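User: I am new to this structure. Please walk me through how to read it.

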Amino acid sequence: MRALEDDFDRPKEECGVVGFWTHPEMKAEVARMAFFSLYALQHRGQESAGMAVSDGNLVTMHKGMGLVSQVFDETAMTNLKGHFGIGHNRYSTTGDSHVRNAQPYHVSTLHGPLSVAHNGNVTNAAALRKALMERGVGLMSTSDTEVITQYLAAPVPFKDRTAPRWEQRLAQLLDVAEGAYSLVVMTRDCLYAMRDPLGMRPLCLGRLKNRDGKVMGWMVASESSALLTLGAKHLREVGPGEIIRIDKNGITTVKPPVAEKSTAMCIFEHVYFARPDSKIEGQTVQVVRQRMGTQLAKEAPAEADVVFGVPDSSLPSAMAYAEATGLPQTEGLIKNRYIGRTFIEPTQEMRENKVRLKFNALRENLEGKRVVMIDDSIVRGTTMYQLVRLVREAGKAKEVHVRIASPPINNPCYMGVDLASREHLMAAQMDVDAMCKAIGADSLAFLSPEGLHKAVRGDEPKPCGHCDACFTGNYPVDVSFFEESDAKRQFEL
Ligand code: AMP
C-alpha cells in the first residue's frame, strides 16, 4: 500500500466552491441554487461534486463522483432541504480518485455540525497533520481539507473550550495554515467565507434578490460567473486573509483583509483556469486574455497567412493576436465540447487518445496555408504535439507556427493547480528550440513573464501581487517539503 504521505507530493485541489445563506422566510431553494452555481463552476472540477444544506437543525449532504449533472438527480435534490448550504466541485487528478476525497467534509462537534469546502492546497498540511495526530486526532484520508476541518473542530486549546468561538478558530487557522485556501464553512447557524492571506485562489461575494426585488440572502463562489448564472449582484471579492460571517444579521467582516500589495493571486487563473466571463481582481478574464494576445503579437509576430486559437481558453488571445498583427482570423479546429478535459485521464496513453477524440481540423480553412496556432499553455506537450500533427495531416496546412499566450511552464504548482510534476513538464526538460522540434512545429514562441504580468495588471484598479511560480520558480511560500519529495521521486525513477 502506498504511504499516505506520498500523496502530498502532488497538488490536487484546484476546485470550485459555493456557499449560500438565505432568510428562512424567503423560502429560497438553496439546493437548487447551489446546483446551478456548481454547474457554472464545472470547469473548475469534474471529478466529484457535493453539497451540504442546513435548516439550522439538520444538515443533509449529498456527494458523489462525476459531473454535477451526474451526481445530483431529482431524488437527491428533493432530500436537500434548508436555507443555507455549501457546495464543491473537485478537480480530477492523476492521483487518488475516490469518493472519500469528495467534499464538503462534515463532522459533528461539541458545538454542532461543521461542514467545510475548500479550494486550494495547504502547503504545510503534513506538519498540521502531524500536530493533529500528536493531539490524538485520527484522520481518515490524505486530504488537506480534512486537516482543515479537524483543525477547526479541535483547535489548539482555547482557555474556554465550552464556547464555539468559530471566528477565533478560523483566525487561528489563518495563522497556522500556509499556501492556498479559499474556504466556505457552515456551522449550526452561520456561513463563513475566508481566503488565505496571500489570496491565492479567488472567492467572491454576491447578493441574492427575489423577483420582487427583496433581498433573499447572499452567496459566495469561486468565480463571479456563478453569481451571474443566478442573477446575483456581484458585491466584491472576499479579500486576502479576510474572514466573513453571513447570517440573519447580514454580512459581517470578522477579520479584515491584509494589504493587497502583499498578495500572490495565482496568475494561472487568468491564463487558463477561470471562465472568461468571470471577474478576478476587478477585471473580466476575457479582457485580460485579449491583452495577452496583443502582447504576444508584439513579442512574437509570425510570417503567416491566418491565425486561429485552440478552443476554448485561447480564443480571446487568438482574436487579439490576429487584430494586432493584421492577419486574418479563422477557425482551424472544431472541438467536441462533450468529451471533457484531456487532463482528467490518468494515463498518458488515454490522454493522447482524448486529444484526438476531442478535435477535428477544418481543412477548408487551413489547406496550403501558413498558419499561426495559438494556445494558452504547454504543460506536458501532449496536446500541442497531437494538434500540430492534426493541423498538418488532416488540415493540410503548409506551415504551422505555434504561439503560446503564457511563458514556458518549467516548475510544478504546489498551491493547487494540477499541472504536472517537474519530470513531466516539457519546458523543464528542454529549451524552446527542442520543444519546437518535439511538437513538430515550424516555429514556437511564448509570451514573456514580463509581458504576462503587463497583460494581467492592465488597468487593474488595485495594486496586487501575483504568484507566477510555475513560470519563474519564485514560490511565495516554503515548498521545500514538496521539492524534496520531487527530488526523491526523480532519483527513484
Ligand atoms: P499538455 O497537453 O500537457 O501540454 O497541456 C496543455 C493543454 O492543457 C493546453 O491546451 C491547456 O489549455 C490545457 N491546460 C493547461 N493547464 C491545465 C490544467 N491545470 N488542467 C487542465 N488543462 C490544462
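User: Which strand does β8 join through four bridges, and do the two run parallel or antiparallel?

Analyst: First, the ground rules. This is a predicted model, where local features need pLDDT of at least 70, side-chain atom pairs count only at pLDDT 80 or more, and totals for chains, interfaces and linings use all residues. Residues are numbered from 1 along each chain as its sequence is written, and side-chain values use heavy atoms, with hydrogens and water left out. Helices (H or I, at least four residues) and strands (E, at least two) are DSSP runs, numbered from the N terminus. Two strands pair if DSSP finds at least two bridges between them. Here, β8 is joined by four bridges to strand β12 (residues 243–247), and the two run antiparallel. Leu191 stands opposite Ile246 in β12.

User: Which strand pairs with β8 over five bridges?

Analyst: That is strand β7 (residues 182–186), also in the antiparallel sense. Val184 has Ala193 of β8 as its bridge partner. A hairpin of four residues links β7 to β8.

User: How do I read the two faces of a strand?

Analyst: In a regular strand the side chains alternate between the two faces of the sheet. Then ask about burial. Buried means under 20% relative accessible area, exposed over 50%, partly exposed in between (1.4 Å probe, protein chains only). In strand β8 (residues 191–195), five of the five residues are buried. One side holds Leu191, Ala193 and Arg195, the other Tyr192 and Met194.

User: Which residues cover the two sides of strand β22?

Analyst: Ser443 and Ala445 are on one side of β22 (residues 443–446), Leu444 and Phe446 on the other, and all are buried. Strand β21 (residues 399–404) runs parallel to β22, with four bridges between them. His401 has Ser443 as its bridge partner in β22.

User: What joins the side chains of His401 and Ser443?

Analyst: A polar contact of 2.7 Å. The term means a pair of N or O atoms within 3.5 Å; within protein, one must be able to donate a hydrogen and the other to accept it, and residues adjacent in sequence count only if both atoms are side-chain atoms. His401 lies in strand β21 and counts as buried, because its relative accessibility is 9%. Ser115 gives another case: its side chain makes a polar contact of 2.8 Å with that of His106. Ser115 sits in strand β6 (residues 112–119) and is buried, at 0% relative accessibility.

User: How do I check a helix?

Analyst: Compare its span with the expected one, which is 1.5 Å times one less than its number of residues. Helix α9 (residues 285–299) has 15 residues, so it should span 21 Å; its end C-alpha atoms are 21 Å apart, which agrees. An α-helix has 3.6 residues a turn, so residues three or four places apart point the same way. The buried residues of α9 include Val285, Val288, Arg289, Met292 and Leu296.

User: Which residues come nearest the ligand?

Analyst: Being near means having a heavy atom within 4 Å. There are 17 residues around the ligand, and Tyr91, Asp375, Asp376, Arg380 and Thr383 come nearest. By class, the shell has eight nonpolar, five polar and four charged residues. Here Ala, Val, Leu, Ile, Met, Phe, Trp, Tyr, Cys and Pro count as nonpolar, Asp, Glu, Lys and Arg as charged, and the others, Gly among them, as polar.

User: How far is a ligand oxygen from the side chain of Asp376?

Analyst: An N or O atom of that Asp376 side chain is 2.6 Å from an oxygen atom of the ligand. A side-chain N or O atom of Tyr272 is 2.9 Å from a ligand nitrogen. For Arg380, a backbone N or O atom lies 2.7 Å from a ligand oxygen. The protein covers 95% of the 500 Å² of accessible area that the ligand has on its own. Such areas come from the Shrake-Rupley method with a 1.4 Å probe; for residues, only the protein chains shown count as cover.
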